[in-house]
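Work through the exercises below with the sequence and the coordinates at hand. Each task is followed by a solution in steps.

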Amino acid sequence: MSSINPCVTCGACCANFRVSFYWAEGNDAPGGYVPAELTEQVNAFYRCMRGTNSGSPSCVALQGEIGGVISCSIYADRPSPCREFDISINGSNPACDRAREKYGMASLITIVEVA
Ligand code: SF4
Ligand code: SF4
């Protein structure tokens with residue numbers, strides 16, 4: 001199996017969902033770390049990454065081309081949903097597989113089987 005992390009040439013999950021999280025993860029709250037200027041308020045308790053609260057979501061912090069060389073410009077300070085979103089190994093995270101399929105990339109079930 002390849003040791004290359006498929007996420008570095010994917011990024012599909014960053015352009016597929018609303019990335020929302022408790023407002024106090026923003027760096028305008030004590031102990032917060034996510035750059036607040038890259039977020040927007042969802043309601044009294046939650047905010048989301050700018051660009052992800054639409055029918056065609058794409059996070060403002062995403063840099064590069066989906067399916068090509070891609071990265072998160074705030075990786076060290078990304079919010080909890082991004083930290084908790086697992087890469088799918090043999091179908092372990094169907095949301096990852098669906099996001100990849102939306103952008104024409106094979107699910108990692110296939111990649112793991114043929115690598
Ligand atoms: S959709 Fe899956 S493989 Fe692609 S960047 Fe997200 S976690 Fe990684
Ligand atoms: S903050 Fe980074 S990891 Fe999270 S959705 Fe945006 S680009 Fe992706």
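**Exercise 1.** Classify Arg 47 as buried or exposed, and find the salt bridge that its side chain makes.

Solution. This is a predicted model, and the steps rest on its computed coordinates.
Step 1. The relative accessibility of Arg 47 is 4%. The cut-off for buried is under 20%, so Arg 47 counts as buried.
Step 2. The side chain of Arg 47 forms a salt bridge with that of Asp 28, at 2.9 Å from N to O.
Step 3. This pair links distant parts of the chain: Arg 47 belongs to strand 3, Asp 28 to the loop between strand 1 and strand 2, and 19 residues separate them.
Step 4. Searching the whole structure gives one salt bridge.

**Exercise 2.** Describe the surroundings of Thr 39: which strand holds Thr 39, and which polar contact does its side chain make with another side chain?

Solution. 
Step 1. Strand 2, residues 39-41, contains Thr 39.
Step 2. Thr 39 has a relative accessible area of 10% and is therefore buried.
Step 3. Its side chain makes a polar contact with the side chain of Arg 47 at 3.1 Å. The side chain of Thr 39 also reaches the backbone oxygen of Ala 36, at 2.8 Å.
Step 4. Leaving out residues up to four places away in sequence, Thr 39 touches Phe 21, Val 34, Arg 47, Cys 48, Met 49 and Arg 50.

**Exercise 3.** Find the nonpolar patch on the surface and classify Tyr 22.

Solution. 
Step 1. The patch consists of Tyr 22, Trp 23, Phe 45 and Tyr 46, which together have about 430 Å² of accessible area.
Step 2. Tyr 22 lies in strand 1, residues 20-22.
Step 3. The relative accessible area of Tyr 22 is 43%, so Tyr 22 is partly exposed.

**Exercise 4.** Locate Pro 57 and state what touches it.

Solution. 
Step 1. Pro 57 sits in the loop between strand 3 (46-49) and strand 4 (62-64).
Step 2. Pro 57 counts as buried because its relative accessibility is 7%.
Step 3. Not counting residues up to four places away in sequence, its contacts are Ala 15, Asn 16, Phe 17, Gly 51, Thr 52 and Tyr 103.
Step 4. From Pro 57 to Ala 44 the C-alpha distance is 21 Å, for a separation of 13 residues in sequence.

**Exercise 5.** Inspect helix 2 and the loops on either side of it.

Solution. 
Step 1. Helix 2 covers residues 94-102, and its buried residues include Ala 95, Cys 96, Asp 97, Ala 99 and Arg 100.
Step 2. Asn 90 is in the loop between helix 1 (80-84) and helix 2. Although not a glycine, Asn 90 has a positive phi of about 55°.
Step 3. Ser 107 is in the loop between helix 2 and helix 3 (108-114). Its relative accessible area is 10%, so Ser 107 is buried.
Step 4. Beyond residues up to four places away in sequence, Ser 107 touches Asp 97, Arg 100 and Glu 101.

Terms used. Residues are numbered from 1 along each chain as its sequence is written. Chains are lettered from A and ligands numbered from 1 in the order in which they are written. This is a predicted model: local features need pLDDT of at least 70, side-chain atom pairs count only at pLDDT 80 or more; totals for chains, interfaces and linings use all residues. Side-chain values use heavy atoms; hydrogens and water are left out. Helices (H or I, at least four residues) and strands (E, at least two) are DSSP runs, numbered from the N terminus. Buried means under 20% relative accessible area, exposed over 50%, partly exposed in between (1.4 Å probe, protein chains only). A polar contact is a pair of N or O atoms within 3.5 Å; within protein, one must be able to donate a hydrogen and the other to accept it, and residues adjacent in sequence count only if both atoms are side-chain atoms. Contact means heavy atoms within 4.5 Å. Patches are made of residues with over 30% relative accessible area and no salt bridge: like charges are joined within 9 Å, nonpolar side chains (Val, Leu, Ile, Met, Phe, Trp, Tyr) within 5 Å. Accessible areas come from the Shrake-Rupley method with a 1.4 Å probe; for residues, only the protein chains shown count as cover. A salt bridge is a side-chain nitrogen of Lys or Arg within 4 Å of a carboxyl oxygen of Asp or Glu.
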